[in-house]
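Try each task before you read its solution.

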Amino acid sequence: MSEYLIRGANILGGGAGDIAIRDGRIVDPELLTAGGGAEVIDAEGLIALPGLVDMHTHLREPGKEDAETVLTGSQSAAAGGFTCVHAMANTAPVADTAGVVEQVHRLGREAGYTEVVPIGAVTIGLEGKQLAELGAMARSAARVRVFSDDGICVWDPLLMRRALEYVKTFDGVIAQHAQEPRLTEGAQMNEGVVSAELGLPGWPAVAEESIIARDVLLAEHVGSRLHICHVSTAGSVDIVRWAKSRGVQVTAEVTPHHLMLTDELVRTFDPVYKVNPPLRTDADVQALREALADGTIDVIGTDHAPHTAEHKCSEWTAAAMGMVGMETALPIVVEAMADHDFDHGDLARVMSQTPARITGASGHGSLEIGASANIVLIDPNAPHRIVPGEHATKGRNNPFAGLEVSTRITDTFFYGHRVLADGRLTTPHPAGASWTDQ
Amino acid sequence: MKHLLDTASLSRAEAISLLDIAEEMALVSAREVKKLPVLRGRTVVNLFFEDSTRTRLSFEAAAKRLSADVLNFSAKGSSVSKGESLQDTVQTISAMGADALVVRHSGSGTPHRLAHTGWIDVPVINAGDGTHEHPTQALLDAFTLRRALGGFPASGAVKDGPRGQGLDGAKVAIVGDILHSRVARSNVHLLARLGAEVHLIAPPTLLPWGVETWPVTLHYDFDEALHQVDFAALMMLRVQHERMHESFFPNEREYSRLWGLSAARLARLPRETFIMHPGPMNRGFEISAAAADSDRTLILDQVENGVSVRMAVLYRLLTGQEDHNE
Amino acid sequence: MTQRTVLDAADLQRALTRIAHEIIEANKGTENLVLLGIPRRGTPLARRLARQIATIDGHPERADELVGSLDITMYRDDLRSGAYRAPEPTTIPAAGVDSKTVVLVDDVLYSGRTIRAALDALSDIGRPAKVRLAVLVDRGHRELPIRADHVGKNLPTSSSERVNVSLAETDGTDAVTISGGRE
């Protein structure tokens, strides 16, 4: 297997240094094979971060392979600097059995561009009626630790309580899609001044906040871990902050698009801006940025949701909800947090270390010697415009088309294999399906 | 002006100009030869994804009086119900040689989307989209009101009509289901732009969240509003019966008692208050028969003026080059 | 840019007076006579002619019954290609135009296209017995087989020149000037 010497990278933004890679691990540069067997990468001006971990993606396979496959999703992840992505359960069939999660897990290993970790459904068929076989999924080859009905809220409070309790068996975590269903029937966009004018049925902030409030109280009561997906409102931030101050084991996630875009964009009626939870107001965006900077929000999750053109090239009300985001996540977060005290160490914390810790993705989040060589190099001074047509994902529903960003992802090392080199995808990891076993 | 998608982006001058052209069109409609050669050889397509015979007929009459050919496309029984995409539908129709699209759709924003996707390059006229806007209805309401408040016959040909005028200072109340009404939204923007003082009277459940930011005065209590303000006109909105099953109000009886234009409320109105309704009416629910049939209603005038106003809109959008310098 | 005056206020008034007399003579009186001005400047010209004709006829108070305004905007042959034009009001005297002698009044006769449009507009309003044409200035360069019955001044021009008619009602002063053209 190849050896690499990454020379002169600014490690975590904390100072220049060399990183050596051998046999899929980060090693002391002294240990590289004598005689120059290692490929030297001049990384001067680049910043090295631990490979990014995404707690929230939709890879669409099985079932909607025309929108994305595990392979194209994995390539998109690698291009975005992600060495580990979690694939949500709302596939067809739903990932609610050991069989389906193992299939997704295996497809990820065959693809070989990133570590694909399936998320199991909380309830059978995402129907919110009966617990899925959480234990079987946890004990399967996929080793599922995160469970979510994402796309649909686990609305039944008793079922939510049981799920929170049950996953303690294997230190699992429930990732809640907080959306009170009755308050959001037919909802098309954020309920606010813009929806009032456009006459589009509103999705009120309280529909998210009321579920989060309930669930942090439940998590406190049963002493379980709770993760809140895609927090989108200032009120949600307040509730999470309050819960953390009481010692509730809650973690919260925000998407790059909720840090950057507002519901004013809906005035265009372009469905590329249609997403769930919906784009909120500028006050919400400011509160989310603040919360990410002060640690109230723990992680970035992309909620990467590719759709085929026919589901987006339609009228607003008929269009599917969702945006792609893995390939633009890091540059967008950098732009969104530009005015905050938020350095590259913080970026590594919210996009790699903390999501790795929450999900138990042990091979990720560290640049220490001895750690698995999951590394991303970024160029912080590479201004360019976002062109969705050039992305590896099949989804073209990227809301940032045309936006100029300063940061480019240049290289991704996935268990020691350079899957992205100078911004171009290379080859899958050569170890086939067994790279983590070494 | 390339499209007519809403009244929110219509300037006062543009609105008054459209109303003035409509005055000319009303004169034409009173002639023996009720036709103008303006759109000879051009095709107007009525693209109705949602049924509305009244609005479609009004647009059809308007286009025909301007000598246009009219194609009617109704989504019912068409390939749209078989899953054809909006893009394919519109491009197919465009390939048949449409010079303008009149679009009615149940989803807010669809005409706006058609105007801005690049699928087609012809003027788009919004004939009602979801609960967003219905700009020609608001224009015909303003036309009717401008006539009535100026002391002119509310419809028909008037030689020296109120050209150049707005509705400055007129106190107009819109009553009923504001939340679900595209007519209300279009009227709020247009009436305010024309200088009217707009009041909304509705139960809080039927007002949109954030309505406080609109240029209006809000009233929950109909009787109190009538007591406080001498309205120049009341625009009653249609309330759909289904709303009570969605808990917007307890039942029809209570709605009617609190927000309906009953015979008793009619009797308390000043003599000169006009009554309007975009139709179709639910007699005995939001409006009593006494009110609907009283001599102060402008309801049939509204219908008649609809043709003149739509002729004006077609004329405005289909003649002249936008980029012509002169 | 050079500009020379072809008719001053007094000349313009004299020309109108002559046309007024011609119209009465051609019509053998004022019976069944209707003057329709073509907006914009034909309208005030028609009103002035009507006043003079009614005065000559001994009934100055009946001037308003003789005159109207015929907008031709919606009958133009360049509606699609030209700039957008808002239509002007059309007003027809109460007695209508059927079986009348209608005199169309315009400021400048040039290509003839305006008059062609006016004839179409008129035929949609009614069926006059006769239609005549009175213009303040005929500058030539006809593109259609149309000629005026009453002309204030024949003004040979080059097509690169511009004939400007100012009227007190619309422009503050009465004058006809020529500008532009090759020196």
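**Exercise 1: Which chains meet**

In this predicted model, chain A and chain C do not touch, and their nearest C-alpha atoms are 27 Å apart. Find which chains share the most contacts, and describe the side of chain B that touches chain A.

*Solution.* Start with the pairs: two pairs of chains are in contact, and chains A and B share the most contacts. Next, count the residues: chain B brings 21 residues to this contact and chain A brings 17 residues. Then look for helices on the chain B side: α3 (86-95), α4 (110-116) and α6 (182-193) each supply at least two residues. Of these, α4(B) gives the most, with three residues. Finally, sort the chain B side by residue type: five are nonpolar, 13 polar and three charged.

**Exercise 2: A strand and its partner**

Work out how strand β3 (residues 100-105) of chain B is joined to β4(B).

*Solution.* First, check the pairing: the two strands run parallel and four bridges join them. Within this pair, Val103(B) stands opposite Asn126(B) of β4(B). Last, check burial: six of the six residues of β4(B), residues 124-129, are buried.

**Exercise 3: The nonpolar cores**

Locate the residues with the most contacts inside the largest nonpolar core.

*Solution.* This core has 149 residues, and the ones to pick out are Leu101(B), Val175(B), Leu314(B) and Leu49(C). Take Leu314(B): beyond its neighbours within four places in sequence, its contacts include Leu39(B), Val44(B) and Ala100(B).

Definitions and conventions
Residues are numbered from 1 along each chain as its sequence is written. Chains are lettered from A and ligands numbered from 1 in the order in which they are written. This is a predicted model: local features need pLDDT of at least 70, side-chain atom pairs count only at pLDDT 80 or more; totals for chains, interfaces and linings use all residues. Two residues are in contact if their C-beta atoms, placed from the backbone, lie within 7 Å. Ala, Val, Leu, Ile, Met, Phe, Trp, Tyr, Cys and Pro count as nonpolar, Asp, Glu, Lys and Arg as charged, and the others, Gly among them, as polar. A nonpolar core is a set of buried Ala, Val, Leu, Ile, Met, Phe, Trp, Tyr and Cys residues joined through C-beta atoms within 7 Å. A residue is buried if 20 or more other C-beta atoms lie within 10 Å of its own, exposed if 12 or fewer, and partly exposed in between; C-beta atoms are placed from the backbone. Two strands pair if DSSP finds at least two bridges between them.
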